[in-house]
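Please look over the sequence and the 3D structure. A short report on a few of its parts follows.

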Amino acid sequence: MRARRPMLYLACALMAAFAALTVGRAVAEDKNNEPGLTEVLTDLLHGAEGDDATAGPDRRVPFGREEMQLSFAPLVKQTAPAVVNVYASQTAKVVSPFEGDPFFEQFFGRSQPRAQSSLGSGVLVDPSGIIVTNFHVIKGADEVKVATSDGREFTSKILLKDETLDLAVLKIESDKPFPTVPIGDSDALQVGDLVLAIGNPFGVGQTTTSGIVSALARTHIGISDSGFFIQTDAAINPGNSGGALINMAGQLIGINTAIYSRSGGSIGIGFAIPSNMVHAFVEAAKAGRDFFERPYIGATFDLVTPQIAESLGMDKPYGALVSAVEPNGPSQKAGLKPGDVVLTFNGTALENVDALGYRLATQPIGATAQLGILTKGEQKTVDIVLERAPEGAASTQVVLRGRSPFAGAKVALLSPRLAQRLGMNADLKGVTVVDVDPNSPAADFGFQPGDIVREVNGATIDSAQKLEQAVAQNTRWWRFTVERNGQLLRQVLRY
C-alpha cells in the first residue's frame, strides 16, 4: 500500500496540471472574444445548450466571488438625491362637548385648533421641480413642504391629485435645476429582477433597501382603484409611501405605496404603482389638467369567471367580458358587442378586467388601440379610438338653497366626464353632489361629493332641476334616498 502512494500523488499532480492547462486555454479564448470558461459556466447555470447558449437577455446568476461582492453604492449615489421627504400638515379643530356653553367656556375656554401632520416621500422626475408622491401622503393638507437630500426645504404647490390612483404631483421652485430620476418602462419588468426602494421610513432619514420583483399585476389588495401593482420584497415601511422603486439601470419603475403587514412594519410584501401609470399622470399634470382624464371607449366590463371561460370554450379565465356597450360610442363603432371578451390590448395579454382599465389609463386620449377579442367563438383584432369622455349636460350645475338638508350642495346630472372627475364609475346615472359648502346644512348632514340623490319626499330625481324643485318644498319633514359607493342610504328626519 505504501508503495502505491507515490504513484497516486503523481496521478493527482498530472490531473491538476491538465486542469490548469484547460483553464489557461479557456481564459486565452475568452480574451480573443470567443466563448470562454466564464461564459460556459454561466450557460450551464442557465441550463442553456447548443450554439445559441450565450444568446438571450442580459440577466444571469452571479458567478464568482468578485461578482458576489459587487455594491449598489454607485446606483444609490446616482438616484438618491432625487428622492425627497414630504411633510403635509393640516389644522383640525377639536370640538369640545361643552362648546357653546357660556359657563364651561368661562373656565375651560373655547376649543383651539390642533395641527396634524403626516410624513412621506416623493421623487423628483423633472429638473424644474416636479415631484411625484402618493395622494394619501398629502390628503387634506393645508400646507405641503418638501425637504431635499441636501438639506433644503421648500413649500410646494399641488398640481394634480387623484385619490382613486393614490397619486399626486407637487411643484417646487428654485433658480437651479433639481436632480431627477428618469421614468423607466414598468412593462419591461420581470419577476426576479433586482430593485432598490428609497424613502424615509418612520422619519429616521433617507434609507435604501434592496430586493427583487416578487410579482407583477397584483390586483384586489385594497390600496386604490387602479388595481395593478408591482409587488416587491424590498423593505417598505411607514414613511416610504411616495418613495422610489429603482431598477438596476437607475430608472424609476414604481412609486412605493403600501405594505401588507399585521404589525405595521415590513414583512417583505410591499406594493408599488407602476411607472407607466406614473408617467401618464405626470404628463397630465404638466399639461395643466384639473383632473386625470382616462380615455373613454363607451363600454363596461366584467370579470371572466371560470364558468364563463368554460362556456365560451376558453382554456382558462382571462381578459375582460363586455357587459354593456353605449350607443354610438367608440366600442360600438369598433364592433364590440355584449358577450365579447377582450383578450389583448395592443398585443399584451390581459390577465383580468383590472388590467384593461390600467392599460387604458396609460394611453393618451385620441390614440388608436388594437384589441384582440373573442366573439362568437372566433378570435379577431379590432381598432378602437380612445376618445375624451363626453360632457353631456353635466356643465349645468345647480347650487341648492333654502331651508332643507341639501342647502349648500352643488349638484349636476352625471356624465362620463363628470364621473371621471369625481372618481366614479363612468356607467353610473343620476343626479350627483359635485361639491359641498363646508359651512352649510348639507355639510352638517354629511353629504359628500359623489353622492347620488335618488329620491326626495316620494319624488324620483332624474335631473338637477327636479331636485332643486323638490328641496324648495315648505316642509319640516324630509325623507330621501342617497346612493353612496353602491349602497342605498335612506333617511327620515325633521329639519
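Where is the place of L488?

## Residue L488

L488 sits in strand β26, which spans residues 487–494. Keep in mind that this is a predicted model.

L488 has a relative accessibility of 45%. Buried means under 20% and exposed means over 50%. L488 therefore counts as partly exposed. Leaving aside residues up to four places away in sequence, L488 touches R454, T481, V482 and E483. D451 is 37 residues from L488 in sequence. In space, the two lie 10.0 Å apart, C-alpha to C-alpha.

## Helix α10

Helix α10 covers residues 353–361. Eight of its nine residues are buried, so the helix is largely enclosed by the rest of the structure. The buried residues are V353, D354, A355, L356, Y358, R359, L360 and A361.

What do these buried residues pack against? One partner is a helix, α7 (275–286). The strands are β13 (270–274), β14 (299–303), β15 (320–325), β16 (341–345) and β17 (348–349).

## Strands β8, β9 and β10

Strand β9 (residues 207–218) pairs with β8 and with β10. Strand β8 (residues 194–199) runs antiparallel to β9, and six bridges join them. In this pairing, A197 stands opposite T209 of β9.

Strand β10 holds residues 229–232. Its pairing with β9 is also antiparallel, over three bridges. Here R218 stands opposite F229 of β10.

Definitions and conventions: Residues numbered from 1 in each chain as written. Predicted model: local features only at pLDDT ≥ 70, side-chain atom pairs only at ≥ 80, totals over all residues. Heavy atoms only, no water. Buried < 20%, exposed > 50% of the residue type's maximum accessible area, 1.4 Å probe, protein only. Helix = DSSP H or I, 4+ residues; strand = E, 2+ residues; numbered from the N terminus. Contact = heavy atoms within 4.5 Å. Pairing = 2+ DSSP bridges.
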